[in-house]
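These are my notebook entries on one protein structure. I set down what I looked up, one topic at a time.

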Amino acid sequence: MGEAVMDLDVITIGRSSVDLYGQQIGSRLEDVASFAKSVGGCPANIAIGTARLGLRSGIVTRVGDEQMGRFIKEQMAREGVALDGITTDPARFTALVLLSVENDKTFPLIFYRDNCADGAMTEVDIDEAFIARAQSVLVTGTHFSRPNLDAAQRKAMKIARHLGRNVILDIDYRPNLWGLAGLGAGEERYIKSDRVSDHIKTILPDCDLIVGTEEEVHIAAGSEDTLEALKIIRALSKAVIVLKRGPMGCVVYPGAIPDALDKGIVGKGFPIEVYNVLGAGDAFMSGFLRGWLKGEALETSATWANACGAFAVSRLLCSPEIPTWDELQFFLKHGSPHKALRRDEAINHVHWATTRRAQPSTLMALAIDHRMQLEEMADKAGAPRGKIADFKRLAIQAIGKVSGGKAGFGTLLDDTYGREALFDAAKLGLWIGRPLEKPGSRPLQFEFTQDVGSRLVEWPVTHTIKCLAFYHPDDPADLKAEQAQKLRTLYEAARKVGRELLVEIIAGKNGALQDDTIARALEELYALGIKPDWWKLEPQLTADAWRNISAVIEQNDPYCRGIVLLGLDAPEADLAKAFALTRGQGMVKGFAVGRTIFSDAARAWLSGKMNDAAAIDDMAERFGNLVSIWATAQA
């Protein structure tokens, strides 16, 4: 084999599953009514966690040739994990895990792993060229529990040792996956077994880093005296040993084992409220590897590991809860007044903004979420309002003619008349925003129901919430307070259910539009903790106005995706001037324009003066013109 290019820091090997965690906290698993879905399995969690923390990671595993297997691969790709080592198994299902949080000490857990895909891994799954790309490989104790899995991991270890790479062992002891506990005993963390201990002891001499809880150290050594167990491991291996001690943090032993547990290297601890212990060890390992593989001091690596474990323990899921590098640094710098980190709004915002799905850097959207305006057109033309739904489907076809499948195109569509059009837009891969406001409401009201949280649960995770508020900073104080509270309620609901939020502010219809008007409006909303992913704003009269707006956003939320311009039925020539004024304003990312594009076609089509093809062509031409004008303005 030729000289390998090491473009990965770590490759993890073994389990990958879909975790389904009960959302009703304090419930028996029998009583859980709904579940949150995420990628799970110790090696999969660590691959994602290390990638979030800035390491280049890969994984060797198997998934089924079905929707859950594709979900794992797609999420791994979104997280930046190398997929080269993932094999799709056409004969087996992806593993599943079900869990509930019954209380702070009881977490009923069921592994659905009978003949699962990752359990069928063999030596064939270990590609020497892939292993050679990594600085280290991480193996897990559970995946030594069956002969085929044992052989696969030992092959990877042998290749790594031959190449002079690091071998990392996460002891990861699951008694029921070793056949020591019943099907419903997935929560069981320790059962003494000489068979398991003798097996793990054969692995220890080839490791450079060994990480485990006290119970895991006991099973690895075959002794329930922790200090004695550490000395047994040290007699077998020269590896750095990391002892995880739960709320007490961890202790690192790079050399001889001292005569007391706390005489090793100790990282800073972080007292927090325990919410769910599952996944904490994987977050811990991710944090430790971020330091250890980058040559940081062991004390620093231990501190980062403790912090990452604290995040996971304080949140519900496994891999989704592991912090990103930005988030970890924010926490280490600022700390938190909350022992329940999931309640820290500042940290949660960093977490959300650095883990949400990627979006194109430019957004060019045809806004067809209008209800009142199209109803007026239909009524005037003598057409039944039901035809509005058909027209919206034509608008989506027009977008498709312009986008040609390229990224950066989107639409705003409503639930009232846009249901079928939403399905069409999804097939085209468009960015989709959906309105929640009651059309024309001032003060702001939500459409259909004021309980937006229950409504948003039904939305696809890829749909962005759009909400228009007619808000002016010089409005009466009581009106501003009422509208701001509605937006704050919506913001909280969006974060709770994990949907992006676009807030549209129109001030010019209810007061003068000066260079500081929108900047002041945004400053007031930011002061209430409202940090939408997107802003949708009316065209400004001067470049200074845009500079003021950008400065407010950058100061209050550097993670904001940016601004898209609205059209207000302006002529194309006026929009061209408005687009030109945004040149050089990095926060302005595109436009979402509606009536300028569709009004003429809608009137003609609803009155029977234009057929479907002509309506599509007319809207496509107008939308295409705006796309070209935008590109020219930003060039």
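**Entry 1: the whole protein**

I note at the outset that this is a predicted model. I looked up the secondary structure and found 21 helices and 21 strands in the protein. I then turned to the radius of gyration, which is 28 Å, close to the 26 Å that the globule rule gives for 635 residues, so the protein is as compact as a globular protein of that length. Along the principal axes, the C-alpha atoms fill a box of roughly 85 × 55 × 50 Å.

I next looked up burial and found that 57% of the 635 residues are buried. The protein exposes about 25,000 Å², and carbon and sulfur atoms supply 51% of that area. For contacts between residues at least 6 apart in sequence, I recorded that 73% join residues at least 24 apart.

**Entry 2: the second largest pocket**

I looked up the second largest pocket, whose volume is about 1,300 Å³. It is lined by 47 residues, and those closest to its centre are Arg189, Thr213, Gly246, Val277 and Ala280. By class, I found 20 nonpolar, 12 polar and 15 charged residues in this lining.

Which elements supply at least two residues each of the lining? I listed strand E2 (17–22), helix H1 (42–52), strand E7 (109–112), helix H6 (214–221), helix H8 (280–292) and helix H9 (298–313). H9 gives the most to the lining, with 5 residues.

**Entry 3: isoleucine 110**

I looked up isoleucine 110, which lies in strand E7. Is isoleucine 110 buried or partly exposed? Its relative accessible area is 26%, so I recorded isoleucine 110 as partly exposed. Leaving out residues up to four places away in sequence, isoleucine 110 touches Leu29, Leu96, Val97, Leu98 and Leu183. I also checked glutamate 187, which is 77 residues from isoleucine 110 along the chain; the two C-alpha atoms are separated by 7.7 Å.

**Entry 4: glycine 335**

I found glycine 335 in the loop between helix H10 (325–334) and helix H11 (345–355). Glycine 335 counts as partly exposed because its relative accessibility is 26%. Not counting residues up to four places away in sequence, glycine 335 touches Phe330, Asp344 and Ile347. Phenylalanine 270 is 65 residues from glycine 335 in sequence, and I noted 9.3 Å between them in space, C-alpha to C-alpha.

**Entry 5: backbone geometry**

I turned last to the backbone. Most residues other than glycine have a negative phi, and most peptide bonds are trans.

Where is a cis peptide bond found? One joins arginine 442 and proline 443, with omega at about 10°. I placed proline 443 in the loop between strand E16 (431–435) and helix H15 (452–456).

I then looked up asparagine 115, which has a positive phi of about 55° although it is not a glycine. Asparagine 115 is in the loop between E7 and helix H3 (128–131). With 48% relative accessibility, asparagine 115 counts as partly exposed.

Leucine 568, not a glycine, has a positive phi of about 55°. I found leucine 568 in the loop between strand E20 (562–566) and helix H19 (572–581). Its relative accessible area of 35% makes leucine 568 partly exposed.

Key. Residues are numbered from 1 along each chain as its sequence is written. This is a predicted model: local features need pLDDT of at least 70, side-chain atom pairs count only at pLDDT 80 or more; totals for chains, interfaces and linings use all residues. Side-chain values use heavy atoms; hydrogens and water are left out. On a 1 Å grid over the protein atoms alone, a cavity is a set of points where a 1.4 Å probe fits but cannot get out, and a pocket is an open set with protein on both sides within 12 Å along at least five of seven lines; lining residues have an atom within 4 Å of a point. Grid points are joined across faces, edges and corners, and a volume is the space filled by probe spheres set on the points. Helices (H or I, at least four residues) and strands (E, at least two) are DSSP runs, numbered from the N terminus. Ala, Val, Leu, Ile, Met, Phe, Trp, Tyr, Cys and Pro count as nonpolar, Asp, Glu, Lys and Arg as charged, and the others, Gly among them, as polar. The radius of gyration is taken over C-alpha atoms; the globule rule is 2.2 Å times the number of residues to the power 0.38. Buried means under 20% relative accessible area, exposed over 50%, partly exposed in between (1.4 Å probe, protein chains only). Contact means heavy atoms within 4.5 Å. Accessible areas come from the Shrake-Rupley method with a 1.4 Å probe; for residues, only the protein chains shown count as cover.
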